[in-house]
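Look it over, then follow the questions.

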Protein chains: 2
Amino acid sequence: MRRFVIDLRGSTPLARSNLFAQSNVTRYEQLADDIEAAVRRGVFGPGERILSVRRASQQYGVSIKTVLHAYALLESRSVIESRPQSGYFVRMRMDASHGRRTPGNESAHAMLTGKPRRASAPRQPVPANVDVSRLVLSTLRSIGAQDAVPLGSPYPDPALFPWRRINQYANAIARRHASWNLIDDLPPGNPELIRQIARRYAENGVGVDPEEIVITVGATEAINLSLQAVAKPGDTVAVESPTYYAMLHAIERLGMRAIEVSTHADTGIDLDALERVLARQKVAACMVMPNFQNPLGFRMPDAHKARLVAIAGTHDLPVIENDVYQELYFGETRPSTLKQFDTRGLVLHCASFSKSLSASYRIGWALPGRYRAQVEKLKFLNTLTTASVPQVALADYLRHDGYDRHLRRVRRFYRQQARLMRAMVERFFPAGTRTSEPQGGYVLWVELPPRVDSMRLYQAALAQGITIGPGYMFSMRNEYHHYIRLNYSYPWTAQTEAALKTLGEMVAKMSKEADDERR
Amino acid sequence: MRRFVIDLRGSTPLARSNLFAQSNVTRYEQLADDIEAAVRRGVFGPGERILSVRRASQQYGVSIKTVLHAYALLESRSVIESRPQSGYFVRMRMDASHGRRTPGNESAHAMLTGKPRRASAPRQPVPANVDVSRLVLSTLRSIGAQDAVPLGSPYPDPALFPWRRINQYANAIARRHASWNLIDDLPPGNPELIRQIARRYAENGVGVDPEEIVITVGATEAINLSLQAVAKPGDTVAVESPTYYAMLHAIERLGMRAIEVSTHADTGIDLDALERVLARQKVAACMVMPNFQNPLGFRMPDAHKARLVAIAGTHDLPVIENDVYQELYFGETRPSTLKQFDTRGLVLHCASFSKSLSASYRIGWALPGRYRAQVEKLKFLNTLTTASVPQVALADYLRHDGYDRHLRRVRRFYRQQARLMRAMVERFFPAGTRTSEPQGGYVLWVELPPRVDSMRLYQAALAQGITIGPGYMFSMRNEYHHYIRLNYSYPWTAQTEAALKTLGEMVAKMSKEADDERR
């Protein structure tokens, strides 16, 4: 039988073969080369033990003697060292090309190959006619760069989350159970978490039947499954404009087409415009974010919500309601949901804990109305179940007190931050700049002077270690060239202020250049 | 502004409206009724605190006086009780219709409405022309029923997993970090986990470029994303027959069509038959499970693997390789993968830790060859990221010793169990029964006498608290009527033996009845 060796030296993932069959070098040299290549790629890290001679002989299908020769060669090359009674280890000190030492806590963030994968250096310019999801992913990666000012982030500052508290619950659960059976959390999901979510809605004055809830991997999966449940490839889906790009992603991924309906900065989607669209063409679904829409931050008035649901009823139109910011209101009480106005099961309500409690646990849910059975089945087909411990840990957190206190603190903080961010944009940005007035959430939508291109600004800012959300991301129609989205969830620092000042100067300069060109 | 109250009394999720606007009862009676309904539905559980009077007044948009009246009414109905200095609580003792008390550890498994959602009682007969995914989900739920013998489970006994150890790592990670930024684990996933996975392959003698790996929510998501990356709705996908139904699910979900290619119990997919199919029609992709296929348990010979990859090369055919059982071999070393024979990037290799380490953490991965960029992007669109702590906990577990020891124990156990299960089937089942000879994994494929219907057997067994995997699940062509799949991962008990004896008697009886009818 043939055996295969470590061959990691190819420059692409595809350059890989059974070298033993073709090579002229000796077996032990080949094995030594392969292991050294693996070390250089970081597969075996500094200080890590490699396979014992016996295991290596079995796994690589060579004799013990060949392994001993190969290991001796690697020792002579200072790649590995043998330690008495312990085995063979990758040496701690190597020349620069041998990869980096990444001990302790940092190891989770270690780069695989020694070269940083998320650089803050400028990237290739993104063409005007953008692939929205690639632009978004590229923006997110730039935020991951060390020390980049995260004004471009779509996510809240994770430091605000009660991460330690939730983890204490997770730990208690883990200690309480000797094992965990996946089958207990099959769709619709963990029963106790479902109950706690229903209870939370009830506390907020929203009636929810626990049996309607389906737990998902964040709201992202909830939105994807909801859309797939109500529309098929080639169908047209009405969205807000500007719209949160996760909606556009779902439409793109499922091979559907988006029709963008103009959206007011204070009241949400233009219902007259929506009705004209519906009168003109077949629309399979409508996707909206009625509360604190990303990027506009409005709270759709109740009368508008009621009318939207009525329009949906008239046209038998499923409405996907993205309500991930439901808990981040600046007013006294939670805003209403489209779901509450829905008596016909046409609203598929999607939400998550990612904006209020923990994003990295990836827990969301759907209330899919009359489409519940389809969404539950699609969840099963898409990811089987959602991770168990996070589900139960969040349920335990919700059952005990603290969520309301946490949220009150976060809301107060975001409300202050929104004011501060608007004031600072006003102070540092040139005339002709306008901002949204967020009623909740943690992002500000900024209209720049008309001829400032947000993609150029994005590139220039990135070169200075500042990230922003270019307006291009919020439409597939290549709109919002002179808009940007700013995240204000992070504590205000001198660095934030300097970044805003720099941005303002860049905008002023770009605006002036554009004006000069026109003359 | 209008306010909405808890309205949970509707018998469907849809019967919900703003009752205040329509009702003739007084406000406080309405509020009391709504809260009582919520308690009866289990939204507020026995002993739980309900909203304070002030909060309730805010949330439900009524006066303090109305809340006080409503709470007094609920006290008089024995639904809630007030505790000095503490607030209002749902009473512990209520009549039977008020829901069940579900304290302590069991609460995670509590039923939402007092009635069991996963009964072991017989279900509606499933029609012969089955919806495979519904049948599978229904089978899984029946396994979740208390005390059901889990011969029908597709999952390994979770008691074998090093759950406590992994959770200790999770806890250490949680304590080490004050917060966790989602952005660090954006696709392709957590860098350290990726490195550990590559290292594990290297230790097994398989060269893998870490940069090719994309972390997913279990192999289920990896398979879904891989298929979507290479084929579009309406396309035809070649699969084994019988095939693992997760493959059929992915095809069904994405609106593609399956063509089933006959598959040998010892050597895997019939390559001549596959070539005939490819010569005859356009096939967008091929999905196989070359190692310890579920349900057949074969290990495809290396020569067959090499030929399959060669055929794929000739036809430029992407091959999705489901290798979730890679670590559960009964031989001395890990079997080869299709991926190792692939020099052109046509193999999309999918795997996970769900069968060898932990299913409930939901961590899988793809090595998508030349389709890597698409799979990474689809991962981002489908679920954004995979839960963070589980990724890092598994990375830490892999970095430290113990995985090999754990696997050696599991392999030895499964090998013994496979022998035992085959012997017991031989002992208890009537003549005309044949079994597979698994080379790894934990399932046995059993051919029953020709006229025994596995759906009827499934129903009859379920009524006795025994689950089996009916053959219908493994094909969309309505085949394998007289085949069942048995799980042997659970420790052998008197209950297991009794269940097998009962099954054998049922099969004998059904076989005899069928013979009698024919006469």
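Q: Which residue of chain B comes closest to the rotation axis?
A: This is a predicted model. In it, N171(B) comes closest, with its C-alpha at 2.9 Å from the axis.

Q: How do you know that the two copies are related as by a two-fold rotation axis?
A: Superpose chain B on chain A. The rotation needed is 180°, the shift along its axis is 0.0 Å, and the RMSD is 0.1 Å. The copies are therefore related as by a two-fold rotation axis.

Q: Why is α3(B) called roughly perpendicular to α4(B)?
A: The two helices pack at an angle of about 115°, and their axes are 9 Å apart. Angles of 65 to 115 degrees count as roughly perpendicular. The pair α3(B) and α4(B) is therefore given that name. Their crossing is right-handed.

Q: Which residues make the contact between α3(B) and α4(B)?
A: From α3(B) come V53(B), R54(B), A56(B) and S57(B). From α4(B) come I64(B), V67(B), L68(B) and Y71(B). They divide into 6 nonpolar, 1 polar and 1 charged.

Q: Why are β3 and β6 of chain A said to stand at the edges of their sheet?
A: The sheet is open, with 8 strands in the order β3-β10-β9-β8-β7-β4-β5-β6 (chain A) and mixed pairing. β3 (214-216) and β6 (268-269) each have a single partner strand, so one side of each is left without a neighbour in the sheet.

Q: How do you know that β5(A) and β6(A) pair?
A: Pairing takes at least two bridges. β5(A), residues 257-264, and β6(A) have 2 bridges, in the antiparallel sense. In β6(A), G268(A) is the bridge partner of H264(A).

Q: What makes α7(A) a helix that packs on the sheet?
A: α7(A), residues 218-230, touches β3, β7, β8, β9 and β10 of chain A. Its direction makes about 165° with that of β9(A).

Q: Where does α11(A) lie?
A: α11(A), residues 372-383, lies across β3 and β10 of chain A. It runs at about 35° to β3(A).

Definitions and conventions. Residues are numbered from 1 along each chain as its sequence is written. Chains are lettered from A and ligands numbered from 1 in the order in which they are written. This is a predicted model: local features need pLDDT of at least 70, side-chain atom pairs count only at pLDDT 80 or more; totals for chains, interfaces and linings use all residues. Axes are lines fitted to C-alpha atoms, for helices over the stretch in contact, and angles run from 0 to 180 degrees between N-to-C directions. Helices (H or I, at least four residues) and strands (E, at least two) are DSSP runs, numbered from the N terminus. Angles under 35 degrees count as roughly parallel, over 145 as roughly antiparallel, 65 to 115 as roughly perpendicular and the rest as oblique. A crossing is left-handed if the near helix is turned anticlockwise from the far one by less than a right angle, and right-handed if clockwise. Two residues are in contact if their C-beta atoms, placed from the backbone, lie within 7 Å. Ala, Val, Leu, Ile, Met, Phe, Trp, Tyr, Cys and Pro count as nonpolar, Asp, Glu, Lys and Arg as charged, and the others, Gly among them, as polar. Copies are superposed by least squares on the C-alpha atoms of residues with pLDDT of at least 70 in both.
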